[in-house]
Amino acid sequence: MMITPEEIFDTGIPFEKKALEVFEFQRNNNPVYQRFCQALGIGEIHSASEIPLLPIQAFKEIEVLTASENSKSKTQNLEFQSSGTSGMSRSRHLVPDPEVYRQSIIRGMKHFYELDDYVIWAYTPGYIENPNSSLIWMLNALIERETSGLSRFLDLDQPIDHKELDKVQKSEKKLMLFGAAFGLLDMLEKGETKLPKDSVILETGGMKTHRREITKAALHEKLASGFGLPKSQVHSEYGMAELLSQAYSREGEWFECVPWMKVSIRNPKNPMEEVEYGEEGLIGVMDLANLYSCSFILTGDKGLQRDDGKFQVLGRWNPENLRGCNFLIDQD
Amino acid sequence: MSWLKKHIECVRQAADKWLNPENNVLQEAIRKTGDEGLFSRQDIEFQLSVLRENIQNNEIEQWVERAGLSDQKNAKDNKVLCLHAGNLPLVGFQTALGTILSGADYYGKLSRKDPYLLGSFLDGISKAGLDQHIQYTTDLSDFKGLQADKVIFAGSEESVPDVKAKVTDLNATKDEAKYIIRTAKFSIAYLEDWNESINQELVQAMLRYGGKGCRSVAVIVADFGLEEVKEELEEAIRRFWSENPQHLKPAPDVRYQYAYNEAVQRKQLWLKNFLIQESEDLPDTDFTVNWVQGGDEKVSKLKTKFGRKVQSVYTTGKEIAGIETEDLSTAQRPNLWWKPDGVDVIERLIK
């Protein structure tokens, strides 16, 4: 019998067991993943660490869809696309059952925060202009479920409206402000605003633009001082169009996964192999919420992990040293 | 006799002597290299046969003339530090020979992966009576306090700061020392036609030295798709490998790429230890060649896209506007004066 979305989120079922079930479901019902496993000669699998991770660029080249006979495949017509400059090919993530994503978002946030205590503000483009952004969809879902009526997408190019801020404070709720790294810095440039002391800022990445580059530590320093909060209240989210779950960092630069998602760091020369804790490699993700696409993904991001499972994202993996004549101090 | 004439004669004689198949020192270097599994005997013999041909064709003399080396214009009294890579046999030979021909004092850091072959040449030439200093080592710290005027090395842009820092730490260069850095990684072949001879030339260009080295073809642009010639190509590759067994095997990432290609239904030729795939991406791993269907505009576009990572563009005769091309048959048989990264080493050293 096929694993259900409810079971995916059931923290009473061990991750290992669920991962193996999802693996079998996807190997049997996802033609892309099936071909991948066949070509690698994957037979019977006994532990999640033996599950092969599909390189994430597959989402740029082909429909990655797991569709069993009973699934509501494509009926919802929801499709997420990665952001990208013109001329760059974008990933396409088909989401046959948006409810799985909604549940992943809300249960995930609740795992880390007392979500019902927060008003959600998003300093990002709105949902209407960005129907294919998984991040905006997530923010929209969080805003829609919040009951005070104070949650919303903020106007871009505008500083924070103090009257609105007063309303949040009077509502006895706390504020959670989402925004891309440079979006939030731009917001501060329009006028520094001290947020209520129990607010949380959640930056959603985008550390590099064509104009600027900044380290995460420096960014968090600037955001904390600009919004008048301690650095411990500036958090980060790690997510992407190809994933329906997110990881959050509430402790400096170390990200923690939701219970139905697991990260491992893979050897770029042998992605079936996990590297030692503390060693750099490619970030591999098992996101069981990707039930109807592919849950086992090898990203193009560089990262490292410590023994409690928390991980750091160190930018894009650059493989360009691998070919050609190379004088390497350590080897030559 | 002028300095130049005497100098060329001396170098030529030393090179001839070294390349003589009966030279015991060279034979010993070949044996050690083979015994330690550094390179295949076939690749070593091939490289030596190319160098013999170069020297016999008077290419030392032609190179010197092309570079404009003279009694007046040379690099005498300059100290040149050469950091040699070791990814294929004798990959540093041309740089060492060019430096010595320029008249400069040569200080070579030989690769631990290729210490014997180039070392045997340098041993021979240092006894040839040249009026310049020739010294080599496999330990860079032996050049502590050298104060070299110039440094030549091959590396990626990312490796440059590390190398410079190490050299500076050792005080091995002068503060104002000039660096000649090679960043080319691979070559492109353009095929407008297909026949048995082109097939063989292509296979040699792709597979010799396991496809390593910047002169090896890692991108093929062809007027036709991979599928159209796949069977003939595979046959030629199998023939090549029966005479030149693949010395090194790829890491599992190449098989992973093959599986990925199967998953996304990308056209490919998978040969267990080598992969040819239809892709316009940067070829960033060894043992992988990317095939692109297109014409000469596509070649120009890719050359621009890959920038300084491209060493040479080979054709089977066709000229491509705005691009200097070489004949495909010369990919692994270059003239002695071929220009890594478009730079003639002698010309640069005497500038």
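Visitor: What do the buried residues of H5(A) pack against?
Guide: The buried residues of H5(A) pack against helix H1 (5-9), strand S3 (92-95) and helix H6 (134-145) of chain A. Helices (H or I, at least four residues) and strands (E, at least two) are DSSP runs, numbered from the N terminus. This is a predicted model, in which local features need pLDDT of at least 70, side-chain atom pairs count only at pLDDT 80 or more, and totals for chains, interfaces and linings use all residues. Residues are numbered from 1 along each chain as its sequence is written, while chains are lettered from A and ligands numbered from 1 in the order in which they are written.

Visitor: Which residues of H5(A) are buried, and why are they said to line one face of the helix?
Guide: They are Val100(A), Tyr101(A), Ser104(A), Ile105(A), Gly108(A) and Met109(A). Seen down the axis of H5(A), these residues fall within an arc of 155 degrees, and therefore they line one face. The arc is that of the directions from the helix axis to the C-beta atoms. The face turned away from the buried side carries the exposed residues Glu99(A) and Lys110(A).

Visitor: What makes Ile265(A) a buried residue?
Guide: A residue is buried if 20 or more other C-beta atoms, placed from the backbone, lie within 10 Å of its own, exposed if 12 or fewer, and partly exposed in between. Ile265(A) has 22 other C-beta atoms within 10 Å, and so it counts as buried. Ile265(A) lies in strand S11 (residues 261-267) of chain A.

Visitor: How do you know that the length of H3(B) agrees with that of a helix at 1.5 Å a residue?
Guide: The expected span is 1.5 Å times one less than the number of residues. For the 16 residues of H3(B) (residues 41-56) this gives 22 Å, and the end C-alpha atoms are 22 Å apart, so the two agree. The buried residues of H3(B) are Asp43(B), Ile44(B), Gln47(B), Leu51(B) and Asn54(B). They fall within an arc of 100 degrees and therefore line one face of the helix.

Visitor: How many residues does each chain give to the contact between chains A and B?
Guide: Chain A gives 28 residues and chain B gives 38. Two residues are in contact if their C-beta atoms, placed from the backbone, lie within 7 Å. On the side of chain A, the largest share, six residues, comes from H3(A).

Visitor: Why is the crossing of H3(A) and H10(B) given its handedness, and which hand is it?
Guide: A crossing is left-handed if the near helix is turned anticlockwise from the far one by less than a right angle, and right-handed if clockwise. H3(A) passes H10(B) in a right-handed crossing. The two helices pack at an angle of about 145 degrees with their axes 7 Å apart. Axes are lines fitted to C-alpha atoms, for helices over the stretch in contact, and angles run from 0 to 180 degrees between N-to-C directions.
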